[in-house]
Amino acid sequence: GINAEYGGQRAPGMKIKTIARSEEECTRERPRDTLKVHRNLDPALHPHERAREYTRAVNAVKLNKVFAKPFVHAFDGHRDGISSIATNKKSLVSFVSGAHDGEIRVWDISEKRSVCVHRAAHTGAVRGLAVHPKGKSFVSCGSDQTIKVWRLDGLDVGTMGGMDPSNEDALLSTIMGETSFNMLDHSWDSDMFATAGGTTVQTWNPDRKHPLSTFKWGEASVHTVRFNPVEPDLFASAASDLSLIHI
């Protein structure tokens with residue numbers, strides 16, 4: 001209309017924009033339907049959109065690689081839970097596993113089968129396994145206070161034979177301990193191996209029935225022992241009192 005404030009001329013108009021939405025677009029057809037979110041896609045209002053989309057694309061590629069069939073094969077055969085496992089440093093296709101029922105199996109990865117089975121290797125759980133650095137034998141220890149040395153070379157590993165060899169001469173020697181063992185590890189360049197059991201760490205030679213050395217620190221239980229691959233004469237142990245011993 002005419003306004004005296006503007007000298008009798010018509011006052012400038014005001015432009016008003018209104019948002020009109022259909023009720024059907026904003027109403028869910030079912031209670032479980034997701035509400036529609038209306039976004040303004042103007043690039044000026046989202047300066048970091050490209051960076052966010054790049055990050056999402058990188059994460060999507062990483063997830064695709066993670067879930068791109070990582071599962072290869074399941075080695076079936078044990079009748080109880082697996083308690084210990086050891087790899088062969090001289091072979092890419094064999095490893096050894098021990099179970100809580102005392103059973104030990106030697107596996108062939110290429111053929112996806114067990115090539116040797118020791119049904120009653122120990123009375124109780126197999127607590128530790130370690131393969132000789134030359135791959136000719138492996139050592140096992142269990143809760144039955146015994147250490148056993150087994151033949152490993154000469155098995156039908158990687159030959160596609162499909163036959164399990166005889167286990168009659170597989171056990172090379174048996175060593176009786178004073179306490180149950182928790183773990184063992186083999187030296188990287190010699191016949192010596194070490195065991196952790198009770199409150200002591202002991203070093204052994206497969207040709208002797210008594211330990212080469214016995215180490216004890218306090219009254220804490222020793223749970224694990226590992227040899228140093230760089231300095232093969234050194235090993236470390238861990239106990240229940242949160243202590244780490246390096247020898």
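Start by selecting E103, which counts as buried because its relative accessibility is 0% (buried means under 20% relative accessible area, exposed over 50%, and partly exposed in between, with a 1.4 Å probe and protein chains only). You are looking at a predicted model, in which local features need pLDDT of at least 70, side-chain atom pairs count only at pLDDT 80 or more, and totals for chains, interfaces and linings use all residues. Residues are numbered from 1 along each chain as its sequence is written, and side-chain values use heavy atoms, with hydrogens and water left out.

**Stop 1: the partners of E103**

E103 and R105 make a salt bridge whose closest N and O atoms are 3.0 Å apart (a salt bridge is a side-chain nitrogen of Lys or Arg within 4 Å of a carboxyl oxygen of Asp or Glu). Both E103 and R105 are buried.

Now select R119, which pairs with E103 in another salt bridge, with 2.9 Å between the closest N and O atoms. This pair links distant parts of the chain, 16 residues apart: R119 sits in the loop between β4 and β5, and E103 in the loop between β2 (94-99) and β3. Strands here are DSSP runs of E with at least two residues, helices are runs of H or I with at least four, and both are numbered from the N terminus. R119 is partly exposed, because its relative accessible area is 47%.

**Stop 2: across to β13 and β9**

Select R226 and D185 next. Their salt bridge has its closest N and O atoms 3.6 Å apart. Here too distant parts of the chain are linked: R226 belongs to strand β13 (residues 222-227) and D185 to strand β9 (residues 183-186), 41 residues apart. With a relative accessible area of 10%, D185 is buried.

Go back to E103 for a moment: salt bridges that share partners join R79, E103, R105 and R119 into one network. The count for the structure comes to 7 salt bridges.

**Stop 3: the nonpolar cores**

Show V96, I104, V106, L129 and F138, the residues with the most contacts inside the largest nonpolar core, which has 15 residues. A nonpolar core is a set of buried Ala, Val, Leu, Ile, Met, Phe, Trp, Tyr and Cys residues joined through side-chain atoms within 4.5 Å. β5 gives the most, with 3 residues.

Then pick A130, C141, F181 and W204, which are among the 10 residues of a second, separate core. C141 is buried, at a relative accessible area of 0%. Another cysteine, C116, is also buried, at 1% relative accessibility. The structure holds 0 disulfides (a disulfide is a pair of cysteine sulfur atoms within 2.5 Å).

**Stop 4: two loops with positive phi**

Select Q145 in the loop between β6 (137-142) and β7 (146-151). Its phi is near 65°, a positive value in a residue other than glycine. Q145 is partly exposed, at 30% relative accessibility.

Move on to L242, in the loop between β14 (235-239) and β15 (244-246). L242 is not a glycine either, yet its phi is positive, at about 70°. With a relative accessible area of 82%, L242 is exposed.

**Last stop: F67**

Finish at F67, in the loop between α2 (49-66) and β1 (82-87). F67 is exposed, because its relative accessible area is 65%.
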